[in-house]
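Student: I would like to learn how to read a structure that I have never seen before. Could you take me through it feature by feature?

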Amino acid sequence: MSKTSDMLMQMYQAMRARFGHQNWWGADTEMEMCVGAILTQNTNWGNVKMALANLKATDALSISALATMPAPKLAELIKPAGYFNIKAKRLKNFVTHVHKDWGDDLRGFLDRPAGALREDLLSVNGIGRETADSMVLYAARKCTFVVDTYTYRILLRHHLIAREDDYETIKELMESSLPCELDLYNDYHAQLVAIGKNYCRPTAQCDECPLNVFPHDPNAGREDV
DNA sequence: GACCAGGCACATC
DNA sequence: GATGTGCATGGT
């Protein structure tokens, strides 16, 4: 096992010991996970939950329901998630794309090899790498590592990546360092988010962070240092 | 009131 | 190809 693999696994153990298994998105339907993946773009999950509740209350959480709903009405329902106009368009792009070949069969759409599914998702305007990977991992339940701003910030501060490393480079690092296990990828990402929310914030210091036992620079990636 | 949140596409240089 | 900008609500 390489030094990086070793450190990443030790970091996981430390995070999990602090937060416990996160069981992310476990109770939701595939449809909710896909819709949530778009709604959570640069947005707090608490806001996304409100928008999902609105969609559920109007029985709109299906491919065909969203495909036929006028964009302005959809925008109104997802308002709490922020960026509601652009996200309404992105949701429409997604459900229209699925509906074209699969009708209401989201599970059929998702049930393909991870690589092919990812490429297909990336062809939809409004679905970028993180959103695609979130859908592949959490909705399709296939092993792909999700990189987000927390992943970047935490790995940077722990000297595991360089400042200029891009999404695919970081994803490659994680996938080549960690065993390809669905539950590990799922929970590792969730643990990083928990660290990011609670300790490794953009400006605050990282006192009490369970990852402090590893070599790190709390100021890495900050503009004001 | 400022800061931040589980990004992405597009314009501009 | 790198960098900057618009999109917007709600919790802390």
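Tutor: Let us begin with a definition: helices (H or I, at least four residues) and strands (E, at least two) are DSSP runs, numbered from the N terminus. This is a predicted model, in which local features need pLDDT of at least 70 and side-chain atom pairs count only at pLDDT 80 or more, while totals for chains, interfaces and linings use all residues. Residues are numbered from 1 along each chain as its sequence is written, and chains are lettered from A and ligands numbered from 1 in the order in which they are written.

Student: How many helices and strands are there in chain A?

Tutor: Chain A has twelve helices and zero strands, so that from the N terminus on its elements run α-α-α-α-α-α-α-α-α-α-α-α.

Student: What does the radius of gyration say about chain A?

Tutor: The radius is taken over C-alpha atoms, and the globule rule is 2.2 Å times the number of residues to the power 0.38. For 225 residues a compact globule would have a radius near 17 Å, and the 18 Å of chain A agrees with this.

Student: Which domains does the assignment give?

Tutor: Domain bounds come from an automatic or database domain assignment, which here gives domain 1 (3-23 + 146-213) and domain 2 (30-139). Their contact, where two residues count if their C-beta atoms, placed from the backbone, lie within 7 Å, takes six residues from domain 1 and six residues from domain 2. The C-alpha centres of the two domains lie 26 Å apart.

Student: Which residues touch the most other members of the largest nonpolar core?

Tutor: In soluble globular proteins, nonpolar side chains tend to be buried together. A nonpolar core is a set of buried Ala, Val, Leu, Ile, Met, Phe, Trp, Tyr and Cys residues joined through C-beta atoms within 7 Å, where buried means that 20 or more other C-beta atoms lie within 10 Å of a residue's own. Of the 58 residues in this core, Cys 34, Val 35, Ala 51, Leu 91, Met 135 and Ile 195 touch the most other members, and the core draws at least three residues from each of domain 1 and domain 2. Not counting residues up to four places away in sequence, Val 35 touches Leu 52, Leu 55, Leu 61 and Leu 91.

Student: Which residues come nearest to DNA strand B?

Tutor: A residue is near a strand if its C-beta atom, placed from the backbone, lies within 6 Å of it. Of the 27 residues around DNA strand B, Gln 41, Asn 42, Gly 128, Thr 131 and Thr 203 come nearest, and helix H9 gives the most to this surface, with five residues.

Definitions and conventions: A residue is buried if 20 or more other C-beta atoms lie within 10 Å of its own, exposed if 12 or fewer, and partly exposed in between; C-beta atoms are placed from the backbone.
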